[in-house]
Amino acid sequence: MSELQGDVRTEPIGRSVFADGATAGAGSLPHLDPAAAAAFSIGEFEIATIPTTPRHSFHESMLAQALVGVRGVSVGLDGTISVDPTRVKPHASIVTDIDHEAFSGVRSFLDLAAKVHLDGAAVKWQFVGPVTLGVALHRAGLERESAFDLALVVVRDRLIALAEVISSALPNSRQMVVLDEPWFAELMRPGFPIPPDEAIDRMSGAMAALPADTLTGVHCCAPCDVATLLASGPNVVSLPVAPELVDWVGYLTRFLADGGIVAWGVVPTEGPVGSTSERHWRALSDLWCGLVQRGCDPVLLRRQSLVTPHCGLALHSVSAARRIARLTAEVGKRVQDQSAATRFALGA
């Protein structure tokens, strides 16, 4: 869908909105106007994706949004986190002021959603995960245990508050909530502040705060230990397409067999933006061929897949972001065609 048109989109018969190559955003947008970002998010992706607009306000950057109003913690205009350990209360509940500038993307999205009758359509949104937030707080000078305890409380309380706000505005829309965990890529390196088991527990604890009917996911934009990522128990795992993923075929096969969904990052968000989707489709196809050759079910690969850009689009111009979204849609259409052919062949 390239333009916003009046009413809620309808779900094709026999097709799950959270599968079969449906497209979704992957986080931030470059817009200076949150209302324009909301229109982009609803108009360009099949799964309406609540945006953040860090170029509109630094408070909407990933870490600043999480930490706004947290006692003893402040974030500068350059993104630098400052902590006063004497004022930090790691286990104190966090109040979320939805009217704060940090949540202008959410408010603009919900305002527009009401105008175009989006209620009933699927909605996706992202929030920083407890591992990445804990690393940031620890690097800012907070003691390790306090940093990760505070991170988990912040993430859980924000997830609960935002999910309630969105549910109130869109009571018939199922939500997919994805934890953004870029620091998870460093988990297995020497010197990482917490062990893998603790990372798993903290991510699981954050996702457990969400309502039972929410699709929970984890996104890591760099090569990472996929087995540990999956061990945290997400319904959705969001990963950039890379040949190295074939090495995790056993884990991905079990994840799909258990009903999991993979959100494949099919279009890079670094460097120049290409003019066609052919290279991106070929990269996904080659990866899938490699997985199938090693035993992965080709039907589940097609049917239990979403497609997204690699990461957020805030570093691009609006026109380049739109081009990336449409290249993503082109790849999604090819996945959808293959999935439809599979359903037809199986008589589904």
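**View A. Helix 4 against helix 5 in the predicted model.** Helix 4 and helix 5 are oblique to each other, because their axes cross at roughly 135 degrees. Angles under 35 degrees count as roughly parallel, over 145 as roughly antiparallel, 65 to 115 as roughly perpendicular, and the rest as oblique. The axes of helix 4 (residues 130-139) and helix 5 come within 8 Å. Each axis is a line fitted to C-alpha atoms over the stretch in contact, and angles run from 0 to 180 degrees between N-to-C directions. Helices are DSSP runs (H or I, at least four residues), as are strands (E, at least two), numbered from the N terminus. Helix 4 passes helix 5 in a right-handed crossing, the near helix being turned clockwise from the far one by less than a right angle. Helix 4 brings Pro130, Val131, Leu133, Gly134, Val135, Leu137 and His138. They meet Arg144, Ala147, Phe148, Leu150, Ala151, Leu152, Val154 and Val155 of helix 5. Contact means heavy atoms within 4.5 Å. By class, 12 of these residues are nonpolar, 2 polar and 1 charged.

This is a predicted model: local features need pLDDT of at least 70, side-chain atom pairs count only at pLDDT 80 or more, and totals for chains, interfaces and linings use all residues. Residues are numbered from 1 along each chain as its sequence is written, and side-chain values use heavy atoms, with hydrogens and water left out.

**View B. Helix 1 against helix 3.** The axes of helix 1 (residues 34-44) and helix 3 (residues 104-115) come within 8 Å and cross at roughly 60 degrees. That makes this pair oblique. The crossing is right-handed. Pro34, Ala35, Ala38, Ala39 and Ile42 of helix 1 touch helix 3 through Ser104, Gly105, Ser108, Phe109, Leu112 and Ala113. The contact has 8 nonpolar, 3 polar and no charged residues.

**View C. The largest nonpolar core.** This core holds 98 residues. A nonpolar core is a set of buried Ala, Val, Leu, Ile, Met, Phe, Trp, Tyr and Cys residues joined through side-chain atoms within 4.5 Å. Phe109, Trp125, Leu137, Trp264 and Leu291 touch the most other members. Helix 5 (residues 144-169) gives the most, with 12 residues. Leu291 touches Leu245, Val246, Val249, Leu252, Trp264, Cys296 and Leu301, not counting residues up to four places away in sequence.

**View D. Thr216 in strand 7.** Strand 7 spans residues 215-219 and includes Thr216. Thr216 is buried, with a relative accessible area of 7%. Buried means under 20%, exposed over 50%, partly exposed in between (1.4 Å probe, protein chains only). Beyond four places in sequence, Thr216 touches Val177, Met207, Leu210, Gly233, Pro234, Asn235 and Val236.

How values were computed: Ala, Val, Leu, Ile, Met, Phe, Trp, Tyr, Cys and Pro count as nonpolar, Asp, Glu, Lys and Arg as charged, and the others, Gly among them, as polar.
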